[in-house]
Amino acid sequence: EADWDTFKAQGLQRPSPVFAANRYPYQLPEHSQKEGSHAWQRRAQHWILWYFHFPWEDLADPTDAQIERDVRKKLQALLDTTEFTHADYIWYHNPSMSVPE
């Protein structure tokens with residue numbers, strides 16, 4: 001369990017949103033059998049964007065515009081670590097969250 005008193009006492013920065021590949025992605029068909037193609041080119045990817053909140057705070061309720069900015073920023077940072085210069089993407093609010101609000 002987190003020690004929130006120590007966290008607050010140390011004056012640490014609030015963690016930024018986390019953009020990560022989903023551990024349990026949708027089972028999607030492969031579209032490219034081209035030898036040597038990157039995994040991202042063979043199949044649509046399923047990533048998540050998590051917003052942090054302290055236990056004493058209300059849940060984050062970012063606007064669609066804020067989510068769009070955060071996804072673009074995180075996706076560009078990820079692309080900057082690869083040979084890719086751009087990517088197509090969509091995002092949506094999870095319609096059936098497994099972690100209750």
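This is a predicted model: local features need pLDDT of at least 70, side-chain atom pairs count only at pLDDT 80 or more; totals for chains, interfaces and linings use all residues.
Lys8 sits over the face of Trp56, at 4.5 Å from the ring centre; a charge is placed over a ring if NZ of Lys or CZ of Arg is within 6 Å of the ring centre and within 35 degrees of the ring normal. Residues are numbered from 1 along each chain as its sequence is written, and side-chain values use heavy atoms, with hydrogens and water left out.

Let me turn to the aromatic rings. Rings of Phe, Tyr and Trp (its six-membered ring) pair if their centres lie within 6.5 Å; planes under 30 degrees apart count as stacked, over 60 as edge-to-face and the rest as tilted. By this rule there are ten aromatic pairs. One of them joins Trp4 and Phe7 edge-to-face, at 6.0 Å centre to centre and 75° between the planes. These two residues are separated by about one helical turn because they are three residues apart in helix 1, residues 4–9; helices are DSSP runs (H or I, at least four residues), numbered from the N terminus. Trp4 is partly exposed at 27% relative accessibility, whereas Phe7 is buried at 19%. Here buried means under 20% relative accessible area, exposed over 50%, and partly exposed in between (1.4 Å probe, protein chains only).

Phe54 and Trp56 are stacked, at 4.6 Å centre to centre with 10° between the planes. Phe54 is buried, at 9% relative accessibility, and Trp56 is partly exposed, at 45%. Trp4, Phe7, Phe54 and Trp56 belong, with Phe52, to one aromatic cluster.
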